[in-house]
Amino acid sequence: MKSLRILAATAAVIGLAACNSGPKTPPPSTSSKSASLRSMEQVAIAAHKCWFASKDPAFKKYQMANELNNFGGTPRFLLVPAKQYGARPLLVVQAQGNSSQVQVFGPLMSEALGGRISADINRWRSGDASCGSAA
């Protein structure tokens with residue numbers, strides 16, 4: 001009986017020592033985001049902040065449809081007419097695969113607002129999240 005207690009105590013000590021010994025390995029990295037998703041996240045956050053959260057009058061007629069986590073591997077966001085979420089997009093901002101290149105296209109690009117959109121997207125893509133000046 002006494003040897004059984006000693007054996008149990010020894011097993012417990014060895015078990016505790018095993019838990020506390022050796023170098024700790026960091027958990028696997030959870031940053032498995034593609035370059036396109038990382039780039040689109042920074043652009044989408046800035047677009048929301050500068051165009052919509054700030055209530056910029058130039059974008060009052062539109063709403064943002066965020067599709068960053070779509071299953072096609074093409075993170076993007078769309079601008080659609082306000083109160084018509086399912087309408088045809090007027091602007092598509094997207095990146096594909098493992099590229100950080102952002103593509104911008106749609107009918108809004110050929111309107112007066114197109115220059116402003118291009119300047120904003122280019123600034124945000126480069127890492128500058130500032131809102132710039134209104135058009």
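**Figure 1. Strands S2 and S3 pair in the antiparallel sense over four bridges.** Strand S2 covers residues 76–81. Strand S3 covers residues 91–94. Helices (H or I, at least four residues) and strands (E, at least two) are DSSP runs, numbered from the N terminus. Two strands pair if DSSP finds at least two bridges between them. Across this pairing, Leu79 stands opposite Leu91 in S3. The model is predicted, so local features need pLDDT of at least 70 and side-chain atom pairs count only at pLDDT 80 or more, while totals for chains, interfaces and linings use all residues. Residues are numbered from 1 along each chain as its sequence is written, and side-chain values use heavy atoms, with hydrogens and water left out.

**Figure 2. S3 also pairs with strand S4.** S4 covers residues 103–105, and the pairing is antiparallel over three bridges. Here Gln94 stands opposite Gln103 in S4. In a regular strand the side chains alternate between the two faces of the sheet. In S3, Leu91 and Val93 point one way, and Val92 and Gln94 the other way. All four are buried (under 20% relative accessible area; exposed is over 50%, partly exposed in between; 1.4 Å probe, protein chains only).

Figure 3. Is Gln94 buried or exposed? At 9% relative accessibility, Gln94 counts as buried. Which residues does Gln94 touch, not counting residues up to four places away in sequence? They are Met40, Thr74, Pro75, Arg76, Gln101, Val102, Gln103 and Phe105. Contact means heavy atoms within 4.5 Å.

**Figure 4. Asp56, Arg116, Asp120 and Arg123 are linked in a network of salt bridges.** A salt bridge is a side-chain nitrogen of Lys or Arg within 4 Å of a carboxyl oxygen of Asp or Glu. By this rule the count comes to four. Arg116 bridges to Asp56, with the closest N and O atoms 2.5 Å apart. Arg116 lies in helix H3 (residues 113–125) and Asp56 in the loop between helix H2 (35–53) and strand S1 (62–67), so the pair ties together parts that are 60 residues apart in sequence. Both ends are buried: Arg116 at 10% relative accessibility, Asp56 at 8%. Asp120 and Arg123 also meet in a salt bridge (2.6 Å, N to O). Asp120 and Arg123 are three residues apart in H3, separated by about one helical turn. Asp120 is buried at 2%, and Arg123 is buried at 18%.

**Figure 5. A salt bridge joins Glu67 and Arg76.** Their side chains meet at 2.5 Å, N to O. Glu67 counts as partly exposed, at 26% relative accessibility. Arg76 is partly exposed too, with a relative accessible area of 27%.

**Figure 6. Helix H2 and what covers it.** How far apart are the end C-alpha atoms of H2? They are 26 Å apart, which agrees with the 27 Å that its 19 residues should span at 1.5 Å a residue. That expected span is 1.5 Å times one less than the number of residues. Among the buried residues of H2 are Leu37, Met40, Val43, Ala47, Trp51 and Phe52. The cover over its buried residues includes S1, S2, S3 and H3. Just after H2, Lys55 takes a positive phi of about 60°.

**Figure 7. The largest nonpolar core has 24 residues.** Such a core is a set of buried Ala, Val, Leu, Ile, Met, Phe, Trp, Tyr and Cys residues joined through side-chain atoms within 4.5 Å. Trp51, Phe77, Leu79 and Ile121 touch the most other members. H2, S1, S2, S3 and H3 each supply at least two residues of this core. H2 gives the most, with nine.

**Figure 8. Gly72 in the loop between S1 and S2.** Gly72 is exposed, with a relative accessible area of 63%. Its C-alpha atom is separated by 9.2 Å from that of Gln96, 24 residues apart along the chain.

Figure 9. pLDDT is the predictor's confidence in each residue, from 0 to 100. Where is confidence lowest and where is it highest? Helix H1 (residues 2–20) is lowest, at a mean of 51, and H3 is highest, at 95. Over residues 21–30 the pLDDT is below 50. Beyond near neighbours in sequence, that stretch has one contact in the model.
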